[in-house]
Amino acid sequence: MAKIRVAQSGTAVAPLPGKIRKLSPTARHCALWALLLVDSGMTAQQALATAFSSASSVACSAESSGLAPVERNLCSELVYGYLRTELRIAFILSRVLPRPQSLPRPLLHVLGLAVYGLLFQDKVPDHAAVFSAVETAQALYGQGLARVVNGALRSVQRLAEAPMHEDFYLPKGAEAGCAEHMALFYSLPLWIMGHWYKHYGRDAALQLARRSFDRPWSAVRVNAQYSAAMSSREALLASGGEAVGQWGIAFAPGAQPSAVCGQSLHDLHREGALSYQSAGSQLVLEELGLYGWEKPVWDVCAGFGGKTVALLERGIAVPLATDRSMQRLAGLPGQCSRLGLGCPSVALTDAVKPPLEHWDGHMLVDAPCSGLGVLARRPDIRRRPPHEGNSHEGLQQSILFSLAAKMRPGCQMAYITCTLRPNENEKQIEHLVRESDGLQVLRQWQTPHEHPWLEGMYGALLRKV
């Protein structure tokens, strides 16, 4: 496989910080700032939030209004789209430049963002993508490297449609359709594609790769406790949504309506009619049958509380929500207030060593994982090294065994991940049941590999006998 290197999270990035900060706060410049923050270890979401904040600060000092909503949307599309296609773009640049990795990191991002615009953004004129990149290169590095950028992008344009076809990415001496070839085409690290080829077979691996490369669908969850819940759901479905379970509605990229029933989605969200939650996260709760739970639930790894409030909306008692990050938990009381729900007790707790002797109810464990099922929505995960999956396995095992010892007979535990690695999913459950007394598996579910857009989720429901 061609040696296409991308900086891993954690790489220190500090070239020309002064000049970069002085760039005008446009969508493309904010995208550049965000990508450099991703280089330094932030997630894409964190990096965008920081870049938008920086843009607002610059705008305030210049007595302007900052990025308009349309510019924010363009910036987000550039960052997420570039990260989804980064390895493919790096390969393309290696075909038009002799030593692209010798260029300054910010300049590589400037080039990459422009290539993304040329290949994947129909609404952006080619000349605008090229002009913006050359202008930024000129501001940062002068005329010499600006000419390099211009020449490289003109060469990409001369490739025409070739970079959109699989044959363009076939490594020398490799067989068409092999893991190396398809990893380049779908912009995936070889370790991920190789893992899927090995465990799921070539056909399934290509389906998963295609799903991870495409723009993700968005989804909302209608609050079942809302006074006009049914009419809101019907209006969202009539606006082009696709049903996800009983109260979820998913939308293809760019198809989510801005308003239904004469109200904006923003206003409906603000008044507690709906929440934004990925379709896979909603469906796994349905598939495991958790809305039929009758005992009180402890949400052990509650995170931002999306699954907690989803259960509360359906009348399931969730008296306790814990996580090891108070930053994530901090928003749960506000969510409950917005949705008109009673808030559970919230506590900062390590799931490996929770301060409870036992729990007289069910447990929901949305476990930390490698996230290979949500690569479309979280493209920065592509940059993570393969050994991180192994560290997740050890943590998951510790959490499961610790909690299993605290279960009461007749109670259940739901184990959920958003990854596609057997060692983090079914093999964890097999090991837990084999090594523990009195645990039985009631059901397991995984997103079908052939589903064209749903996130890759895994769930298992266990019962203590």
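Analyst: Contact here means heavy atoms within 4.5 Å. The model is predicted.

User: With that in mind, which residues does His29 contact, leaving aside its neighbours within four places in sequence?

Analyst: His29 sits in helix α2, residues 27-39. Neighbours within four places in sequence are left aside. The contacts of His29 are then Leu23, Ser24 and Thr136.

User: Is His29 buried or exposed?

Analyst: The cut-off for buried is under 20% relative accessible area. His29 has 10% relative accessibility, so His29 counts as buried.

User: And Glu180: buried, partly exposed or exposed?

Analyst: Glu180 belongs to helix α8, residues 179-185. The relative accessible area of Glu180 is 27%, so Glu180 is partly exposed.

User: What is the C-alpha to C-alpha distance between Glu180 and Leu170?

Analyst: In sequence, Glu180 and Leu170 are ten residues apart. In space, C-alpha to C-alpha, their separation is 8.1 Å.

User: In which sense do β10 and β11 pair?

Analyst: β10 covers residues 362-366 and β11 covers residues 412-417. Four bridges link them. Val365 has Tyr415 in β11 as its bridge partner. The sense of the pairing is parallel.

User: Which residue of β10 is the bridge partner of Asp299?

Analyst: β7 and β10 run parallel and are joined by three bridges. In β10, four of the five residues are buried. Ala414 in β11 stands opposite Leu364. The bridge partner of Asp299 is Leu364.

User: What is the handedness of the β-α-β crossover from β10 to β11?

Analyst: Take the strands pointing away from the viewer; a clockwise path from the first strand over the helix to the second is then right-handed. Here the chain goes from β10 through α17 to β11. The crossover is right-handed.

User: Why is helix α13 described as largely enclosed by the rest of the structure?

Analyst: Helix α13 spans residues 279-287. Its buried residues are Ala279, Gly280, Ser281, Gln282, Leu283, Val284 and Leu285. Just after α13, Gly289 takes a positive phi of about 75°. The helix is largely enclosed because the number of its nine residues that are buried is seven.

User: What radius of gyration does the protein chain have?

Analyst: The chain has 18 helices and 13 strands. Its C-alpha atoms fill a box of roughly 70 × 55 × 40 Å along the principal axes. For 465 residues, a compact globule would have a radius of gyration near 23 Å. The chain agrees with this, at 24 Å.

User: What share of the 465 residues counts as buried?

Analyst: The accessible surface of the chain is about 20000 Å², and 51% of that belongs to carbon and sulfur atoms. Among contacts with a separation of 6 or more, 69% join residues 24 or more positions apart. The buried share of the residues is 52%.

Key. Residues numbered from 1 in each chain as written. Predicted model: local features only at pLDDT ≥ 70, side-chain atom pairs only at ≥ 80, totals over all residues. Heavy atoms only, no water. Buried < 20%, exposed > 50% of the residue type's maximum accessible area, 1.4 Å probe, protein only. Helix = DSSP H or I, 4+ residues; strand = E, 2+ residues; numbered from the N terminus. Pairing = 2+ DSSP bridges. Rg over C-alpha atoms; globule rule 2.2 N^0.38 Å. Areas by Shrake-Rupley, 256 points an atom, 1.4 Å probe, with all protein chains shown as cover.
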